[in-house]
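Here is a brisk report on one protein chain. Keep the sequence and the 3D view open as you read.

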Amino acid sequence: MRGQTRREAGPIALLAEILRGTDSLTGAACIGSPELFDPRDPREDSDAAEYRHRAAAQLCARCPVFDACLAWSDSRSDQAHAVTAGRIPRAPGRPPKGGETAA
């Protein structure tokens, strides 16, 4: 109709729409420790980031929803710089070991 403005649903409705159809990650081992999984900050020491990311991967190894997280991670292209489903991001500029390709 002419003259009517469209009302936006708001952030909660938008988030619900984005997450609709995704697997539930209730009970994930990472809950409460998001800082371990975050991408390396440019000001962060590379050894500290590697230590943090290895600790995150250890949590993933015993996570009860690992398979659902892995499926979610595989459907996303924006997770290459954070630890997701036990995958540790490669340090910038470091060549892959043994001819591996980036995930």
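## Helices and fold

Helices (H or I, at least four residues) and strands (E, at least two) are DSSP runs, numbered from the N terminus. By that rule, the protein chain has four helices and zero strands. Its pattern along the sequence reads α-α-α-α.

This is a predicted model, in which local features need pLDDT of at least 70 and side-chain atom pairs count only at pLDDT 80 or more, while totals for chains, interfaces and linings use all residues. Residues are numbered from 1 along each chain as its sequence is written, and side-chain values use heavy atoms, with hydrogens and water left out.

## Surface and burial

The chain has 103 residues, and 22% of them are buried. Buried means under 20% relative accessible area; exposed means over 50%, and partly exposed lies in between (1.4 Å probe, protein chains only).

Contact means heavy atoms within 4.5 Å. Take the contacts between residues at least 6 apart in sequence: 41% of these join residues at least 24 apart.

## The largest nonpolar core

A nonpolar core is a set of buried Ala, Val, Leu, Ile, Met, Phe, Trp, Tyr and Cys residues joined through side-chain atoms within 4.5 Å. The largest one here has six residues: Leu-36, Phe-37, Ala-56, Leu-59, Cys-60 and Val-83. Helix H2 (34–37) and helix H3 (46–61) each give two or more residues to this core. H3 supplies the largest share, three residues.

Leu-36 touches Arg-52, His-53, Ala-55, Ala-56 and Leu-59, leaving out residues up to four places away in sequence. Leu-59 lies in helix H3. Leu-59 counts as buried because its relative accessibility is 16%. Beyond its neighbours within four places in sequence, Leu-59 contacts Ala-29, Ser-33, Leu-36 and Phe-37. The C-alpha atoms of Leu-59 and Ala-85 are 9.4 Å apart, with the two residues 26 apart along the chain.

## Thr-84

Where is Thr-84 found? Thr-84 sits in the segment after helix H4 (66–74). Why does Thr-84 count as buried? Thr-84 counts as buried because its relative accessibility is 6%.

Thr-84 touches Cys-69, Trp-72, Ser-73 and Gln-79, again not counting residues up to four places away in sequence.
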